[in-house]
Amino acid sequence: MSITLRPMVVMGVSGSGKSVLGAALGQSLGIPFIDADDLHPASNKALMAAGTPLTDENRIPWLNVVAGTIAKGVSEGHPSVVACSALKRAYRDLLRSHVPDLLLIYIDGAAEIIAQRLETREHEFMPATLLASQLATLETPIADEAHIRVPAELTVEEAVDLVRSTLRLSAPARQR
Ligand SMILES: Nc1ncnc2c1ncn2[C@@H]1O[C@H](COP(=O)(O)OP(=O)(O)OP(=O)(O)O)[C@@H](O)[C@H]1O
Ligand SMILES: O=C(O)[C@H](O)[C@@H](O)[C@H](O)[C@H](O)CO
């Protein structure tokens, strides 16, 4: 029996673990993983690399590309899991206007954990100094937004299991 999955966006601030969890979920669920970082125009990447937070004006065209990419997959019968900050409610409303069935996977973590992660990683364009503005911009999803909250302190494997069990999917067999 094949199960139809909803398209998903793994959201949260920079360094919360969206790319890592998104890729792991894609693999576990057998659906494509897309990193919305790869869809930013060069101008947005240059702003972030220079330590300048993006504005709504910078983000809206990018979010439209992200939404279009998810919607195209859905229309072709391929729901995907997309790592995308989607920090504000208005940004998620924009995504849902293209993809009404969207399920959010929200990685929720204390600033200290995320700052620690940012210190130890390398990134193509995102400096750790932008964490403060990311946290200030974040509007956490509320009850009327279909979402699963994942505590950032979980291991990736625990986070995948949490999503799978919330979706009532049995745990995949793991190699020991
Ligand atoms: N569950 C986890 N436990 C421990 N470390 C993690 C976990 N998830 C991610 N990390 C590590 O934290 C760092 C940030 O992860 P990741 O790049 O996935 O975050 P991100 O939210 O996609 O960031 P950005 O939006 O800036 O690209 C990486 O070094 C990653 O290996
Ligand atoms: O909305 C934003 O400010 C951006 O999407 C950032 O969150 C980055 O793209 C990402 O975090 C870096 O990888």
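1. What share of the 176 residues in the protein chain is buried? Buried residues make up 32% of them. A residue is buried if 20 or more other C-beta atoms lie within 10 Å of its own, exposed if 12 or fewer, and partly exposed in between, with C-beta atoms placed from the backbone.

2. This is a predicted model, in which local features need pLDDT of at least 70 and side-chain atom pairs count only at pLDDT 80 or more, while totals for chains, interfaces and linings use all residues. Residues are numbered from 1 along each chain as its sequence is written, and chains are lettered from A and ligands numbered from 1 in the order in which they are written. The average pLDDT (the predictor's confidence in each residue, from 0 to 100) of the protein chain is 95, and 95% of the residues score at least 70. The ipTM is 0.97 and the pTM 0.95.

3. The protein chain has seven helices and five strands. These are DSSP runs numbered from the N terminus: helices are H or I with at least four residues, strands are E with at least two. Their order along the sequence is β-α-β-α-α-β-α-β-α-α-β-α. The radius of gyration, taken over C-alpha atoms, is 16 Å, close to the 16 Å from the globule rule for 176 residues, so the protein chain is as compact as a globular protein of that length. That rule is 2.2 Å times the number of residues to the power 0.38. Along the principal axes, the C-alpha atoms fill a box of roughly 50 × 35 × 30 Å.

4. Of the contacts in the protein chain with a separation of 6 or more, 77% are between residues 24 or more positions apart. A contact requires C-beta atoms, placed from the backbone, within 7 Å.

5. The largest nonpolar core has 35 residues. Such a core is a set of buried Ala, Val, Leu, Ile, Met, Phe, Trp, Tyr and Cys residues joined through C-beta atoms within 7 Å. Val9, Val10, Leu25, Val66, Val82, Cys84 and Leu95 touch the most other members. Elements supplying at least two residues each include strand E1 (8-11), helix H3 (56-75) and strand E4 (103-108); E4 gives the most, with five. Leaving aside neighbours within four places in sequence, Val82 is in contact with Val9, Gly22, Ile34, Ala36, Val66 and Ile70.

6. Ligand 1 is surrounded by 20 residues, of which Ser14, Gly17, Ser19, Arg117 and Arg121 are the closest. The criterion is a C-beta atom, placed from the backbone, within 6 Å of the molecule. Helices H1 (18-29) and H7 (156-166) are the elements that give two or more residues to this shell, and H1 gives the most, with three. By class the shell has six nonpolar, ten polar and four charged residues. Ala, Val, Leu, Ile, Met, Phe, Trp, Tyr, Cys and Pro count as nonpolar, Asp, Glu, Lys and Arg as charged, and the others, Gly among them, as polar.

7. Around ligand 2 are Ser14, Asp37, His40, Leu54, Arg59, Ser85, Leu87, Met126 and Gln134. This shell divides into three nonpolar, four polar and two charged residues.

8. Two backbone values deserve a check. Most residues other than glycine have a negative phi. Ala86, in the loop between E3 and H4, has a positive phi near 45°; Ala86 counts as buried, with 27 C-beta neighbours inside 10 Å. Arg168, in the segment after H7, has a positive phi near 60°; Arg168 counts as exposed, with 7 C-beta neighbours inside 10 Å.

Terms used
Contact = placed C-beta atoms within 7 Å.
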